[in-house]
Amino acid sequence: MTFPFVWSRAMAVAKKEVFHILRDPFTLALALGLPVMMVIVYGVAIDFNIENVALAVSDSDQTQTSRRLVDTFDSSHYFLVHHAVSPAAASQDVVAERAKAALIIPPRFEKDLLDGRGGSAQILLDGADSSVVGPVSGYVSGIQTIASKRIGNFSPTPPYELRSRFLFNPELNSRWFVIPGLTVVVMAILSILLTSLTIAREWENGSMELLLSTPVQPLEIIVGKLTPYAALGIIAQAFVYGIARTIFGVPFVGNLAVLALGCGLCLATYLAQGIFISVTARNQQVAMQMAMLSGMLPTNLLSGFIFPVASMPLFFRILTVIFPARWFIAIARGTFLKGSSLLQLGGPFLALTLLCSGMMLAATRRFKRDLEP
Amino acid sequence: MTEAAVEVRDLVVRYGDFTAVDHVTVSVNPGEIFGFLGANGAGKTTTIRVLCGLLTPTSGDVRVGGASFADGERAIKSKVGYMSQKFTLYNDLTVEENLNFIADLRKLDRPTYLKRRQELFDFISFDQSPTSLVQDLSGGIKQQVSLAAALLHDPQIVFLDEPTAGVAPASRDRFWHLIRQLAEKGKTVFVTTHHLDEAEQCGRIALMREGKIIATDSPDGLKKTFFPTPVYEFEPKQPLPYAELGSLQNHEAFAYFEPYGLRFHAALRRPETWDEVRPQFENKFNITSIKPSLEDVFIRAVENGL
């Protein structure tokens, strides 16, 4: 004999859950404070653009040409130049971390150039800090091009010139890149963590027995439990979106409905994941750890939020496929910066839909098996 | 003869290889206070969970208030009230919010619910504000509110799984007073408890061991069954060395010799020889003839495994 799903019961559960949230300062603080904190940390404090790299310069040539080379580094806002007395002192500056890089110009630099032998100068980079090496060596080759033009009299003009133009984010502003992805991190923390705690809490204090001794059905419990957290998740999303657009001026060129759809799918997947954890753990401590491990960690590290998926080792690149964050970040960046359409984002959307339905199915089945007598 | 409130025949519950409830048969009439007594893990809670519709039996017939598992476990759930051994109200909600929530889940209409709630507040003599948080109530009051929550839909059958665990003795007495009142109103009350003085107040008791019911009878009936011969209380005139206790417990004269507080309760292997045996103990003990307690029954039946 089957019993129909009753909305009023699901809503009774939802109402009770709202009381829990309102009476628990931790939940409220997490729900409202976390998005703000994350946006501040990622948007203001962490700047992925490398600027003002300390550069130790040892100019043993002391000619007009060498000074012009140093000047080119100095006038780009990427480097903060200070002079070292000798090549050894310059490299010592790098070792002692007074500089991230050193430029060493040998004597006869100008003379070699004039003689047509081609001048050479040396750049030392602090390889211990790999986050600096990549961008800085990029700057160096850029500056080299500019410098050879300025010292152009002495060197043959290259027959062609490469000019780069960055599409979608012309200033290569890392905030534009990071903040759209931030939505998913906020969502992961709120939805997975809070939902995973909510059902575990019922098991822990024995109130699940009370719920089960009434005619309420598992699906009604799930729907009732999820509704307030889904609402919280959506509010937090809107919040991050608002901050991104107004305070950080991140452009949004895509279709808002597409972003919202992706957001909803990702949220649903995370909520289901939270429920699954909650049912499996039955204990708030364990649930919290599982939420951290299976939710927040991969969302931060294996989603492309900070480390690009494309540059991961093959194993991890394949592993990222199972994390909704990876797909949602693609959707968020696509809609925010590129204005991609639903069709262009077909892959990520398909993947999210599959993950979402899979997770929902797993959670409901697990829950039913545990709860139904 | 009226129809039994709860009728169980050959109930079996297995978890994998483990048989938690092993062919239990029991029939309980309306208005009875029926106790389940047994060690931890004897199958009391499992049996009660089946009878509340929380657990599907592996096999056996179960009829609770006329409903069976064939009607769906929710048919059973609507007939019974259940108060589990863990405290089950929400501490961070008020008394009122807790009861509202349960009323919503049971789909009680508002006027019925409010009337019922007032009746129950009167019943448990609840004199605090319904808007007080549950966590601010004392243990005894919490327990009574819990009972009210289980009774909200006016079930004819109530299951109380160790309702007085961790409650002060005065509150326990009050709680049992409520239980007796319920039975007088014709409700069937199932109780499990570890307090044997409480079990004395049951109309009938089922003694459970390792998933089986080994006896079902009134407290007096159980005492007669397990102690058909007279029982004596031995009060030591001086504290008894531990070694001596061992030799007494193994003494051939006694079929049963167990500590009872600072005293000892004993039953004889051959009662007709009592007059011969008695003198050798009288120099160390004051001996009186007593009625056995349920604790004696419990020790003999459940722990000694007679």
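In this predicted model, 11 residues of domain 1 of chain B are in contact with 7 residues of domain 2 of chain B. On the domain 1 side of that contact, at least two residues each are supplied by strand E3 (33-38), helix H7 (196-199), strand E9 (204-209) and strand E10 (212-217) of chain B, and E10(B) gives the most, with 3 residues. By residue class, this side of domain 1 of chain B, where domain 2 of chain B is touched, divides into 7 nonpolar, 1 polar and 3 charged residues.

Chain A has 14 helices and 4 strands, and of its 373 residues, 41% count as buried. Among the contacts in chain A with a separation of 6 or more, 79% are accounted for by residues 24 or more positions apart.

How many residues of chain A are in contact with chain B? The contact involves 20 residues of chain A and 26 residues of chain B. Helix H1 (7-23) and helix H8 (207-212) of chain A each supply at least two residues of the side of chain A that touches chain B, and the largest share of that side, 7 residues, comes from H1(A). The residues on this side of chain A, which touches chain B, comprise 9 nonpolar, 6 polar and 5 charged.

Within chain B, helix H5 (residues 139-151) and helix H6 (residues 169-184) have axes that come within 10 Å and cross at roughly 20°. Because angles under 35 degrees count as roughly parallel, H5(B) is roughly parallel to H6(B), and H5(B) passes H6(B) in a right-handed crossing. From H5(B), the contact is made by Gly139(B), Gly140(B), Gln143(B), Gln144(B) and Leu147(B), while H6(B) contributes Ser171(B), Arg174(B), Phe175(B) and Leu178(B). Taken by class, the residues of the contact of H5(B) with H6(B) are 3 nonpolar, 5 polar and 1 charged.

Another helix of chain B, H12 (residues 294-303), contains Val302(B). H12(B) is mostly covered, with 7 of its 10 residues buried, and these buried residues are Leu294(B), Asp296(B), Val297(B), Phe298(B), Ile299(B), Arg300(B) and Ala301(B).

Which residues does Val302(B) touch, not counting residues up to four places away in sequence? They are Gly38(B), Ala39(B), Leu207(B) and Arg209(B). For one of these, Ala39(B), the separation from Val302(B) is 263 residues in sequence but 7.1 Å in space, C-alpha to C-alpha.

Terms used: Residues numbered from 1 in each chain as written. Chains lettered and ligands numbered in written order. Predicted model: local features only at pLDDT ≥ 70, side-chain atom pairs only at ≥ 80, totals over all residues. Contact = placed C-beta atoms within 7 Å. Nonpolar A, V, L, I, M, F, W, Y, C, P; charged D, E, K, R; others polar. Buried ≥ 20, exposed ≤ 12 C-beta atoms within 10 Å, placed from the backbone. Axes fitted to C-alpha atoms, helices over the stretch in contact; angles between N-to-C directions. Parallel < 35°, antiparallel > 145°, perpendicular 65-115°, else oblique. Left-handed = near helix turned anticlockwise from the far one by under 90°.
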